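This report describes a few local features of one protein model. Please look at the sequence and structure below before reading on.

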Amino acid sequence: MWWKPPFSSMSNASKFSITGSRDGGVPSTILKPSSISSHPVYIQIHINNQPTKAIIDTGSAISIIHIEFLKTIKHENFERQTQSCRTANSTPLNIIGQIMLEIKIKSITTYTNVYVATNLITSILLGNDWINTNHIHLFGDQQQLTIPDQYGQRITISYVEPTFINQPALLVNQITLPPYSQTLVDITCRIYNDKDLIFEPQLNHLSNCILIPHTLLNIRNHEAKVLMINANDRPQTLSKNTRIGTLSRHSTYSIYTTIQHSMTTNTQQRLNQVHNKNNNRIISNKKDDLIQPNRKNICDRCNEYFLSGNDLQKHLRTECYSDQIRKHIVESTKHIDNEKHRLAVQDILWRNKILFDPTPSIINIPPQTAIKTGDHPPIYSKQYSSSYEDQEIKVQETQKLLERGQIEESTSPWSSPIVLVKKKNKTMRFCIDYRRLNAITIKNAFPLPRIEEIFDQLSDAVYYTKFDFKSGYFQVPLSKEDRAKTAFSTRDNHYQFTVLPQGITNGPATFQRLINHILGPAGWKYALAYIDDVIIYSKTFEEHLAHLNEICGILKNARFRLNSEKCEIARTQTDYLGHQISNGEIRPSSYNISGLLNTKVPQTPDEACKFVKAAEYYRKFIPNFSQIAEPLRKFVPTTRTQQKKGQKTMITLTQDEINAFDQLKHHLTTDLVLRLPNIRFPFKVQTDASDEGIGAVLLQIYPDGDRPIAYLSKKFTQAQRKWSPMEQECYAFICALDKWHNYLSGIKFTWETDHKALTQLNQKAQINKRCERWRLKILEYDFKVKYIPGLTNSMPDYLSRSPVDDAEEDPDEISILISKATQTDFDNIPNHLHVVTAVETRAMKLRNAKLPNTNNTEQLKSDSLNTSLKENRIIPFTNEQLKEAQQQDNYANKILNSIKKRKNYLIKNDLLMHNPKHPVPYVPQGDLRRTILHIYHDTAANGAHFGRNKTIHKIQQRYFWPSLYKDITNHIKSCIPCAQFNPRRQKTPGILKPIKPPEGVWQLVSMDFHGPITPASQRGNKYIICLTDVLSKFVITKAVRDNTTHTAVRFLKEDVISKFGTPRCILTDNGTHFTSAMMDELCKQIGITHLYSTPYHPQTNGQVERYNSTMDAKIGALSNLRKTDWDDQLPFVTYNYNASIHSTTRQLPFEMMYGRLPILPFDHQDDNVTLSYDSTHINKLHQFLSKLNEQAKINIIRNQERYKQRYDINRADPSYNIGDLVLVKTLNIRHKFDIRYEGPFRIIKQLTQKTFIIQHVKKSTLHRQVTTDVLLPIFERIY
């Protein structure tokens, strides 16, 4: 069994570095790996006339031969020179010398200097020194390389299969595994036929609870069957070509031991063993007769052998473990005086050292669902504008997240903007503005622990250990259904999170639920967690060792990673949730009360006055407040004149006044006034700013008054003193949030300020750029801003005028051009090897060259037509290859046997030609035809994706085969780039499907907004809301200022329902003003069925759309020159529309609605008015209206049939089935070269004859509802 070594220091390596790709071409960091390029390149060669297979490795700087293979060939002039170097995966490679060898390939002889190694997986490896010297060109897609002979002609050398190689096992088809089931699935591989191959499953499927057993397989025609088990409670879908495992043959190579003799010390046995199971560049040897020591007692890093496991562990902890982990374990336990206790704690930490590994990890739990939005449509927010430097930072951060698997590429319709926030260490924090997503998310009611209950548990403990998770949210996997909702965009791509992102409203509750579940029975007994802060507490040291060992084991098994800098181990005093805990005593942390506790003695009457006023705010909690504060009362002015006199003069307090000052401070900072946080009572923050600094108080609203929890007081820098008052007041709130994040994150609270301009901070964007940056920074908090008069904001006012904490530069004011460290970073991964690729391949040089190299002119010319990475290099076939293909073709042989009878054929230069006037070669069926079609249609230089006639003309001038027209037609119809970019010049497909008219008036109505209309009217109206009865065509309109939900609901209540009654059904589009919760609630209350039209298919709601076009022309004709009185003309246009006969119903909408003819203003009326009562009027009216309705329905159906006949002429009526592949028309094309049809999608459900639900083939979470007029079928190629 191969095993992967740990990383080693670069200092151990010599000048050689083996790196690079596995395909013999471009390194794998440049091109995406394929099934072709995922294995080493092998060719057949002769070394000093000894045949063998060699690996061609563009990533190795040197060529290497195995010492055992060298012994089997004739050689001389071996130069012994011991060297040590390392491969790209930090594996030691033992070089013992070098030798000049003859390398012969076919008829070409080369010579190269080869290094001799004792541990190599193959007989010989040819590196870049041989590749560059002999001008080798490798073509991974063609499975061959070329080498020039003595005349400069390039000779083609095909790759060969190695003796031993790992092959990927891929799914033949897309499969869906039912929950709790096992299924035999078909796999495919590159091996044609073989027996007893070892199948090893991919471990990454375990995270989705998909189990695949190890087994032996027999391969037939590249295929076999493998058992897959879905142990999850929901179905799992795996797409076609998903890698599920690896196939390998038995090998005689195995890990072996070499013995090195030292001249100055006793003989030590060392084991040189390295193999990366997932990397084909491995190091090994054949078995030898040397004595092998116990591998368990050998150091993975330095390969030193030890007699016992204890000796090995001592060595690892003192020398070969990570310096960062060793330093943390030593530093975190040095405070333990008892050496026995200290070693016991260190032993536990060493056994669980993986917890402090700085590399990223995702915990071993099922993906979590945290963003439930019900049926709300996707929310799309535009990206915030940003500078070029910020754009570069976004690209860097997304690349880091992408490499760690924390995000993935997305086709999600959701999108939230990126926010870059500067941190205190002057680096950037990469955040997403999920404010709009949070607004529609169903809140998770899982409770956070009550802080006072946590302190009750800690009050009896003596020893404490505190853990803090490393980017805790990023360790939690996110469910697939939620990933699309976390999507965000950069300037280059669209991504979504695969882990729990920061900033979502249910993040704290989800993490709290998760950590509670993982702690299990230990929770509330000897371990507690408040979101990502875990504390272990015990009464005795022996208990604490047991508790620490158990919790570390739980977190280790869950694959958590801890932030070593914030962890505290086995302490008798600690700060937790803003309070200091020591020997069962819990008191406010000095950090939280230093703002008041360290305030200076007042030096002016004004300072003394403000302190008394601040303390007076809490007088009801301070016994005998009046007596205590009496010595300071004389500084409080009682009249306006006193307020102006002498308040700034310097004073010296008497001893009584100082005692009063100190006594009030003591009461304000002890539990007489100060309280432990109680989650049952709401929090609020009061802030203020002055010329000197900022002040803030964190309070809770108790039934008997506001109780302070903590104080904040900080000075301004010279730059901050020059800020505007609004910026200074806002900065006070930002500092309060930073300091009291533990209390305020994940809950609702109130912010009270005496600066009225800040009351809209969390409601809308700010004109002030500094405040706008801060607004984006605090999006994760849920708070309400409340204005209070300055007189009631006394304590923050006093703290701001007597600041205590030293001033700090605001990180937002320090510009940096690159992101040096962010929350996506994991600090300084130790012993990281910086691998430098030795050479560039030809393809890399062509892509990266900015100026042509005069020494490489011929090479540039030869490849100048290769303009696309996706366009494979095409080597045209020769006449010899065409002759050989014709000889193997049955149709060609029939013609050759009767060539004299075939007037249209002749033989020229031993080639079968067609058309004696302009002879062109006959092309046999097979790969040659596919190559020709690809060249003359798909390539940029020869085809450029032109149409059928142009492609036929090009090909028939050069080649012939009987089905040429048919094959070209099929090739072009099945070309996806052509389908995606070519415009449609035919009628939109799909015949007309008229909607059946309703049974009566007011059974079905259509509603829509029309606008915005430019210019706005004199009354400020910009929109027209319109409602049309589908049967009678009766219209109701109203000019309004906006198109919000409130406006639509008010129109329904006041202008429709109150005047005409409640309709049975309302049909609207999918605008947010109609899909909101308020509209749904109204429809439920009054019993209306709310129908929605298909997205981006306005024909469904054609009644309103038709009236809008009519209304615009009539209003425009009646309005004044400036068109500002259009809302005055709207009632007349609407009335005349209702009073005129409708072309479809042949009835008057007014008459169908009211049962009488309308009377126009200028109709003649008699002078005498007679009032009479007809007892049968109601019955007659009912009969009359019924007759009108029936006649209208008949006329509507007749008109629909007539219009359908005209509409369906020369229009295709495609039919689609479940499972068909289609492309979908791209909406809102911005540029001429944008893709016109996107996809491919698969039809998964049919709603109506013309409406379908489709699913993206690659992104299974992307679903859309579409109609046939935006679909384009994908044709299957027949060859």
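In this predicted model, Ala527 stands opposite Ile536 in strand 32. Ile536 is also the bridge partner of Thr465. Two strands that pair with strand 32 are set out here.

| Strand | Partner | Sense | Bridges |
|---|---|---|---|
| Strand 28 (residues 463-468) | Strand 32 | antiparallel | 6 bridges |
| Strand 31 (residues 527-530) | Strand 32 | antiparallel | 4 bridges |

Strand 31 and strand 32 form a hairpin with 2 residues between the strands, and in this hairpin Ile531 has a positive phi near 55°.

Ile1254 is buried, and its relative accessible area is 0%. Beyond its neighbours within four places in sequence, Ile1254 has contacts that include Val1222, Phe1241, Ile1243, Leu1262 and Val1266. The C-alpha atoms of Ile1254 and Ile1218 are 9.3 Å apart, with 36 residues separating the two in sequence.

The axes of helix 18 (residues 725-739) and helix 20 (residues 769-777) come within 10 Å and cross at roughly 20°. An angle under 35 degrees counts as roughly parallel, and the two helices are therefore roughly parallel to each other. The crossing is left-handed. Among the residues that meet are Met726, Tyr731 and Asp738 in helix 18 and Arg770 and Trp774 in helix 20. By class, this contact has 6 nonpolar, no polar and 4 charged residues.

Methods: Residues numbered from 1 in each chain as written. Predicted model: local features only at pLDDT ≥ 70, side-chain atom pairs only at ≥ 80, totals over all residues. Heavy atoms only, no water. Axes fitted to C-alpha atoms, helices over the stretch in contact; angles between N-to-C directions. Parallel < 35°, antiparallel > 145°, perpendicular 65-115°, else oblique. Left-handed = near helix turned anticlockwise from the far one by under 90°. Contact = heavy atoms within 4.5 Å. Nonpolar A, V, L, I, M, F, W, Y, C, P; charged D, E, K, R; others polar. Buried < 20%, exposed > 50% of the residue type's maximum accessible area, 1.4 Å probe, protein only. Pairing = 2+ DSSP bridges.
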